[in-house]
Amino acid sequence: MLIKAILLGLVSIVGVIDSRLIGRQNVGRPLILCTLTGLVLGNLKAGIILGASMELISMGFVAIGAAAPPNMQIGSIVATAFAIISGASKETALAIALPVAVAAEFIDILMRMIIAQFGHVADKAIDEGKFKKAQHIHVIWSFLLNSILYFALIFVAFYFGANSIKPIVNSIPTVITHGLTVAGNLLSALGFAMLLSTMLSKKLFPYFLFGFLVVAYSNLSLIGLTCFSVLLAFIMDKVNYGGKKAAK
């Protein structure tokens with residue numbers, strides 16, 4: 001249990017590396033983190049399935065200005081670990097992920113407030129001509145403090161809560177688990193709707209409608225539809241921009 005708790009803590013640091021050290025490379029997305037969580041806990045298939053579902057929820061969350069969306073990195077890892085250990089349904093895991101993500105974001109905001117205080121130290125270092133120190137404060141210190149926070153949250157949640165999860169789940173009344181299932185299904189639809197609200201336009205709507213009709217009437221599998229979409233995107237790129245690239 002100790003080794004798994006440490007490994008899950010390291011999985012959470014992947015999310016920190018993505019956003020705070022190497023830029024936004026999308027390796028900290030729920031799909032990746034849930035898959036790694038499933039790998040650590042010996043159920044890769046469940047990790048991938050839950051990751052795809054968590055991705056539907058979080059793809060519509062965008063940090064704009066001071067608005068801080070739920071921390072789906074922490075939420076995804078905790079919910080996936082919860083589901084795999086307890087044998088809970090995917091929908092139950094989805095319903096649990098969001099409140100955990102909201103709580104984690106509050107803690108993350110507190111950490112940012114603490115990190116912001118180091119800005120004064122960086123300012124003083126710049127005034128003294130110690131530019132390397134100021135760079136380390138902004139890049140290295142911030143990364144290390146966030147890594148410690150993420151690691152501690154996941155380690156404590158898993159190491160001290162793993163043994164008590166299954167009895168708690170078994171004691172939950174059926175009516176509540178059924179409600180969580182319904183809520184979990186709604187969350188996936190809500191996340192997708194949030195994404196569509198930002199990208200739908202007169203130019204893109206025909207593609208959306210075309211994809212909807214293909215899914216509804218072709219009986220294609222998800223993999224088949226994905227391959228078909230990639231091929232269509234490639235063709236449209238050649239049609240729209242192929243001539244311009246050749247001219248250059």
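Predicted model: local features only at pLDDT ≥ 70, side-chain atom pairs only at ≥ 80, totals over all residues.
1. Setting aside residues within four places of it in sequence, Thr80 is in contact with Cys34, Thr37, Gly38, Gly47, Leu50 and Met54. Thr80 belongs to helix H4, which covers residues 72-86. Its relative accessibility is 0%, and because buried means under 20%, Thr80 counts as buried.

2. Overall content of the chain. The protein chain has ten helices and zero strands. Its pattern along the sequence is α-α-α-α-α-α-α-α-α-α. Of the 248 residues in the protein chain, 31% are buried. Taking contacts between residues at least 6 apart in sequence, 72% join residues at least 24 apart.

3. H3 against H4. Helix H3 spans residues 44-58, and its axis and that of H4 come within 10 Å, crossing at roughly 145°. The crossing of H3 past H4 is right-handed. On the H3 side the contact is made by Ala46, Gly47, Leu50, Met54, Ile57 and Ser58; on the H4 side by Met72, Ser76, Ala79, Thr80, Ala83 and Ile84. By class, the residues of this contact are eight nonpolar, four polar and no charged. Gly47, Leu50 and Met54, listed above as contacts of Thr80, are among the H3 residues of this contact.

4. The loop between H3 and H4. Met59 is placed in this loop. With a relative accessibility of 25%, Met59 counts as partly exposed. Met59 and Met72 are 13 residues apart in sequence, and their C-alpha atoms are 9.9 Å apart in space. Met72 is one of the H4 residues in the contact with H3.

5. H4 against H5. The axes of H4 and H5 come within 7 Å and cross at roughly 140°. H4 passes H5 in a right-handed crossing. From H4, the residues taking part are Met72, Ile74, Gly75, Val78, Ala79, Phe82 and Ala83; they meet Thr92, Ala93, Ile96, Ala97, Leu98, Val100, Ala101 and Ala104 of H5. This contact has 13 nonpolar, two polar and no charged residues. Met72, Ala79 and Ala83 are among the H4 residues that meet H5, and they are also among those in contact with H3.

6. H1 against H2. How are these two helices oriented to each other, parallel or antiparallel? Helix H1 (residues 2-20) and helix H2 (residues 30-40) have axes 10 Å apart and pack at an angle of about 165°. Angles over 145 degrees count as roughly antiparallel, so H1 and H2 are described as roughly antiparallel to each other. H1 passes H2 in a right-handed crossing. In the contact, Lys4, Leu7, Leu8, Val11, Val14 and Gly15 of H1 meet Leu33, Leu36, Thr37 and Val40 of H2. The contact of H1 with H2 is made up of seven nonpolar, two polar and one charged residues. Thr37, an H2 residue in this contact, is also one of the residues in contact with Thr80.

7. Val14. This residue lies in helix H1. At 22% relative accessibility, Val14 counts as partly exposed. Not counting residues up to four places away in sequence, Val14 touches Val27, Leu33 and Leu36. Val14 and Val27 are 13 residues apart along the chain, with their C-alpha atoms separated by 7.2 Å. Leu33 and Leu36 are among the H2 residues that meet H1.

8. The nonpolar cores. Which residues have the most contacts inside the largest nonpolar core? They are Leu8, Leu41 and Phe158, in a core of 20 residues. H1, H4, helix H5 (90-116) and helix H7 (131-171) each supply at least two residues of this core. H7 gives the largest share, six residues. Apart from this core lies another, of eleven residues, including Ile57, Ala93, Ala97 and Ala101. Among these, Ile57 is in the contact of H3 with H4, while Ala93, Ala97 and Ala101 are H5 residues that meet H4.

9. Phe158. Leaving out residues up to four places away in sequence, Phe158 touches Met1, Lys4, Ala5, Leu8, Leu41, Ala81 and Ile85.

Notes:
Residues numbered from 1 in each chain as written. Heavy atoms only, no water. Helix = DSSP H or I, 4+ residues; strand = E, 2+ residues; numbered from the N terminus. Buried < 20%, exposed > 50% of the residue type's maximum accessible area, 1.4 Å probe, protein only. Contact = heavy atoms within 4.5 Å. Axes fitted to C-alpha atoms, helices over the stretch in contact; angles between N-to-C directions. Parallel < 35°, antiparallel > 145°, perpendicular 65-115°, else oblique. Left-handed = near helix turned anticlockwise from the far one by under 90°. Nonpolar A, V, L, I, M, F, W, Y, C, P; charged D, E, K, R; others polar. Core = buried A, V, L, I, M, F, W, Y, C linked by side-chain atoms within 4.5 Å.
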